[in-house]
Amino acid sequence: MRRVAFALAAACSACALAASAPPAPQGAPVPALSSTAERVYELARPRILQIRTLLHAAGRQTTIGSGFVVSPDGYAVTNYHVVSRFALDPKTYRLEYLAPDGTSGALQLLAIDVAHDLAVVKIDHARLPYFEFDPRALAGKLPQGERIYAMGNPLDLGFTIVEGTNNGLVGKSYEERILFSGAINPGMSGGPVTDADGRIVGINVAKRVDGEQVGVLVPARFAAALLERAHTGPPLAVDKAKEEVGRQLAAWQAEFYEALQRQGFRAASFGPYRGLESQAPWMSCWAATNGDDLPRQRVSINTTRCSSTTAVYVSDRLLTGGLELRYEYHKSIDLNAFQFSQEIAQHPGGAAYDGGRRLTAQECRDDFLAPSGAGAPALRATWCMRAYREFEGLYNVTIVALTQDRDREALLARLTMQGVSQANAAALGKRFLEAIRWAR
Amino acid sequence: MGAVMWIEVLSRHGDVAARERIEADEARVGRAFDNDVVVDDPHVAPHHLRIFRGEDGELVAEDLGTLNGLYPEHGARRVPRLPLAQEPGIRIGRTTLRVHDAAHAVAPEKRLTPPRAHAAWAAGLTVAMLAALLLLEWLTLTKEATANRLLLPLLEISTAVVLWSGVWALLSRLFLGQARFALQLRVAVTAFLALIAWDQLTETLSFALAWREISEYAMLGAWAILGAACYAHLVSIGPRHLRVAVGTIVALVATGALIQYANKAEARRVAGQPATLGDLRPPQFRVRPMSSVDAFLRSTEATRRKVDEARKREPEGGSALGDADAGD
């Protein structure tokens, strides 16, 4: 499936000053593109920082990313994932910045927004020029097709500026994201994206690895809001950052499952069965069949998979926030009942998400479920869950159900929820299990 | 009284090398040629032992004041005199002797297995095994049925069973002097049938009771079957040191089972159970009563407590949960 791959490697740099850049005069010929990029690059250069995460014990960098100064008192914006190692484990890591004038120093982590992958940090260097936000971007009125400029240090090869196009908001996305048609590469994370005047319109965050030049930006207004929070609220205590991440994840899932509820559900048909489907616009659905496989199969399988486009980066190798509903309708062509049951047993129904050691080992519970009403089949069901070691009350839950009313056709249904509370998982699980019914 | 005693000199392998009939109440044993029983063992004295009838008529062995002395057959404690009524075995030097009264009770006659009985059984069981395998292959065949898919596993398994039996027959030939391949084949095929049955039983129960641990730990039963098969093979060979052989087999099988169990437990602790339905059978095989959706979801609270319990335990490798790679 199309999954957003985070551009984790982040060597950032970049940015342009806007205020001083004279807007192109009305009616004047549009300047050659290259000259605009040149100008933006020149403006941006002194306003960007390299943000490094160092291993305490070794005193060496383990990750590098970018940030950009946004206030005269040294506040800078970057991606949460650029500073996540430090936020989750301040005993092992520390943060450092490198300013364009060659100075470096300690960074203070002031605020994080895990859902939007943003963080605000403060440098003890108050003489740097700073970026301003593009008011059109804050109002969400940046015209589609406008040239915008992403800056960063792709693959640590050197500071680059990438000219691309603003293509409005990413469709079918739960979180608001800007679709940037231009190359964003690992290493550019946390870098700024500006308009032709060097004003911030977004922040580099990710690219789609299954496409070409499909970049994803965080809209500037979330950065502006977080900056506002950092200015007014108390700074984040170093040893409370992990708690804060946990709190934000819990709040995120509460909001997400409420939104899911609000968007409503419908019954979808799978052969003679029906199952739950979300009406949320940010669910992406795909179907597949084995009907044209060669050699001819002895069971026909029609698969429907709807997954949310959500992915919240928590730490290395731990993405969360996914939701997937998958239905496989199996119908025997010439298998007997025993063979048919063996055929289904070979279908795990999709790979499990892997959170490595950041999740506990998976524990499962199996049962047979009586029909949940007239018109519903009996089910063989399994509930499996893993807990997030670092965050209390969050789990990855998988529910698998297999209809038990017939022995030569069956619906294999699977609901996967990442980073969900037990209550939300059970509530959606109940809906999911009780929605499996006969179509007639 | 015409009392007769028999003195047996055992070989180093434990079978009888010589048996002397003594028609007197006393016999002398030693290396010298004036003894009733002459033992060619440099660790035995020229006049080592006197065997005589005590006052109650029971046989007694007596050390004649030797350097190396007299021991019970399985004992480590030197004795000056040894009553032989209960334990007829004695050890002098490196030689084992057994002394029997004429009245010594012998084991009843053992029924002779009719000629070719093992062969008939082995053939019948092999046919049953092949039929069972073919049936299972067919029942679990979900792709196109081809001769290769059905027959190749049969051929492989048959070859393995024959090789296994052959190794035991070789051992039997070595120790017993007879290969008795049919008997070994009979044991091996019986064990294999038991394995097939065990496998199906546990998988079916695992589904019928919705209890995945049954099939998760079914391999312990398979190891027990393997152990039993080895025991049967050993008994059929009847090695002299059966107890040692059985002990070795038990230790080997237990070690195998333990290693596999430890691997399983480790995988279970690190990755946990897979999010699948596990073994499946047609719905008619269900035995466990059905729950309601609500009761099922309530029961997941226990699962939650389990993983919450696990999250409090520190993962291995210290406090840093971070995966060691630093390639951002």
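Trainee: What makes a pair of side chains a salt bridge?

Mentor: A salt bridge is a side-chain nitrogen of Lys or Arg within 4 Å of a carboxyl oxygen of Asp or Glu. This is a predicted model, in which local features need pLDDT of at least 70 and side-chain atom pairs count only at pLDDT 80 or more, while totals for chains, interfaces and linings use all residues. Side-chain values use heavy atoms, with hydrogens and water left out.

Trainee: Why are Asp63(B) and Arg78(B) called a salt bridge?

Mentor: Their side chains meet at 3.4 Å, N to O, and the rule asks for a nitrogen and a carboxyl oxygen within 4 Å, so the pair qualifies. Asp63(B) lies in strand 6 (residues 59–63) of chain B and Arg78(B) in the loop between strand 7 (70–72) and strand 8 (81–83), so the pair ties together parts that are 15 residues apart in sequence; strands here are DSSP runs of E with at least two residues, and helices are runs of H or I with at least four, numbered from the N terminus.

Trainee: How do you know whether Asp63(B) is buried or exposed?

Mentor: Buried means under 20% relative accessible area, exposed over 50%, and partly exposed in between, with a 1.4 Å probe and protein chains only. Asp63(B) has 14% relative accessibility, so it counts as buried, whereas Arg78(B), at 38%, is partly exposed.

Trainee: What makes Glu409(A) and Arg406(A) a salt bridge, and how accessible is each?

Mentor: The closest N and O atoms of Glu409(A) and Arg406(A) are 3.0 Å apart, which meets the salt-bridge rule. Glu409(A) is buried at 13% relative accessibility, while Arg406(A), with a relative accessible area of 25%, is partly exposed.

Trainee: Why is chain B called more spread out than a compact globule?

Mentor: The radius of gyration is taken over C-alpha atoms, and the globule rule is 2.2 Å times the number of residues to the power 0.38. For 328 residues that rule gives 20 Å, and chain B has 31 Å, which is well over it, so chain B is more spread out than a compact globule.

Trainee: How do you know that chain A and chain B touch?

Mentor: Contact means heavy atoms within 4.5 Å, and by that rule 69 residues of chain A are in contact with 64 residues of chain B. The count between chain A and chain B is 5 salt bridges, and the side chains of Lys430(A) and Asp294(B) meet in a salt bridge at 2.8 Å, N to O.

Methods
Residues numbered from 1 in each chain as written. Chains lettered and ligands numbered in written order.
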